[in-house]
Amino acid sequence: MSVSVLIKTLNEAENIAATIESVLAAIGPDDEIIVADSGSTDGTVEIAARYRVAVVRIAEGEKPSCGLGPQLAFQYSRGDYLCLMDGDMRLDREFLGKAQAFLLDNPKVAGVGGHVVEMNLENLEFARRKSRGGKELASGTVDRLNGGGLYRRTAIAEAGYLSDRNLHGYEEFDLGVRLRALGWSLHRLDIPFVQHFGYRMNAYALLLRRWRSKYLRGVGEVLRAGLGKSHWNALWRDIRELRLWGAVYVGLVLLLAILWIVPDKVLAICICLGAIAGVVLAMSAKHHSFKLGFYAVTAWLFMAAALPLGFFAPRRDPAAWIESQVVHDART
């Protein structure tokens, strides 16, 4: 049973060589690597083309998104299993063998993941991600494979497509909810899957970058994609952040009401600032860090603002062929 390792990239010149080499050390002679590039300008494509891989790039005019890269790679893949990962990850050498064995023993499991080991904890976003944990990161049955994993091609074929090209975030969740609606399940093994190096930039700069790239619109886009589908209720149940952002909307309305109702505007501002400080302090206590607490609240505001923008964004057929070109193909 062959494996296609699908690596999505956008300006990963610093990481792509080590990523490919980690995969080459883990795969067999019948397996393949496909690098799907979303328009890199830093030499990522040229570096990837030095290896025994296929390199495909989106056509001029195509707009990159988190969901587009995996689907682009899927178009050109041939393996019985599909291993999805990013261009800033290092694949654990033992993962593929153990994941394939699990899938062979569990025919109703569509995909298997492992632990994503965050290597860049200097960035507050990745430190917060590790600190808050989450059921989707635990071992056992999960509702999504955040960070990637190994999927059966037969399950993806039944779902219609691997990744929704319209999504700028939450593409793993979207895939998971579509597979579960068809009766499949997902599992995370208690073993390493990849090391993730992530962005080295300041967390607030990363937050602004994600706003400009529309990454923060992912939840709204997932909700829009699920309208009228059988998994609509599962979206509201399993996207736990929706309750948080609902609380953010309510809180903002209450703050505006205080500013409007309280006659003494200095007092009103003080009440609002005190309420905001209380939330920041509560999150700081939860994360055992004022920096993480303040960053978490700031991120909430950005994400809550991005949700409606994603929901009302126009959509394209997620199963349609993505216009692209094969830059290099050295697969055997």
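In which hand of crossing does α12 pass α13? The crossing is right-handed. The structure described here is a predicted model.

## Helices α12 and α13

Two packed helices are described by the angle between their axes and the distance between the axes. For helix α12 (residues 265-287) and helix α13 (residues 290-311), the axes come within 7 Å and cross at roughly 125°. Angles of 65 to 115 degrees count as roughly perpendicular and those over 145 as roughly antiparallel, so α12 is oblique to α13.

On the α12 side, the contact is made by Val279, Val280, Met283, Ser284 and His287. On the α13 side, Phe290, Leu292, Gly293, Phe294, Ala296, Val297 and Trp300 take part. Sorted by class, the contact of α12 with α13 has nine nonpolar residues, three polar residues and no charged ones.

## Helices α8 and α13

Helix α13 also has a contact with helix α8 (residues 203-212). Here the axes come within 11 Å and cross at roughly 5°. Angles under 35 degrees count as roughly parallel, and therefore α8 is described as roughly parallel to α13.

Helix α8 contributes Ala203, Tyr204, Leu207, Leu208 and Trp211 to this contact. From α13 come Lys291, Phe294, Tyr295, Thr298, Ala299, Phe302, Ala305, Ala306 and Leu309. By class, the contact of α8 with α13 has twelve nonpolar residues, one polar residue and one charged residue. Phe294 of α13 is listed in the contact with α12 and also in the contact with α8.

## The buried side of α1

Which residues of α1 are buried? They are Ile16, Thr19, Ile20, Ser22 and Val23. Because these residues cover an arc of only 160° around the axis, they lie on the same side of α1. An α-helix has 3.6 residues a turn, so residues three or four places apart point the same way.

The buried residues of α1 pack against several elements, namely β1, β2 (32-37), α2 (44-48), β4 (81-86) and β5 (89-91).

Glu12 is found in the loop between β1 (3-9) and α1 (16-24). Is Glu12 buried or exposed? Its relative accessible area is 11%, and buried means under 20%, so Glu12 is buried.

Leaving aside residues up to four places away in sequence, Glu12 touches Ser40, Asp42, Thr44, Gly87 and Asp88. Glu241 is 229 residues from Glu12 along the chain, and the C-alpha atoms of the two are separated by 29 Å.

Conventions
Residues are numbered from 1 along each chain as its sequence is written. This is a predicted model: local features need pLDDT of at least 70, side-chain atom pairs count only at pLDDT 80 or more; totals for chains, interfaces and linings use all residues. Side-chain values use heavy atoms; hydrogens and water are left out. Helices (H or I, at least four residues) and strands (E, at least two) are DSSP runs, numbered from the N terminus. Buried means under 20% relative accessible area, exposed over 50%, partly exposed in between (1.4 Å probe, protein chains only). Contact means heavy atoms within 4.5 Å. Axes are lines fitted to C-alpha atoms, for helices over the stretch in contact, and angles run from 0 to 180 degrees between N-to-C directions. A crossing is left-handed if the near helix is turned anticlockwise from the far one by less than a right angle, and right-handed if clockwise. Ala, Val, Leu, Ile, Met, Phe, Trp, Tyr, Cys and Pro count as nonpolar, Asp, Glu, Lys and Arg as charged, and the others, Gly among them, as polar. The arc is that of the directions from the helix axis to the C-beta atoms.
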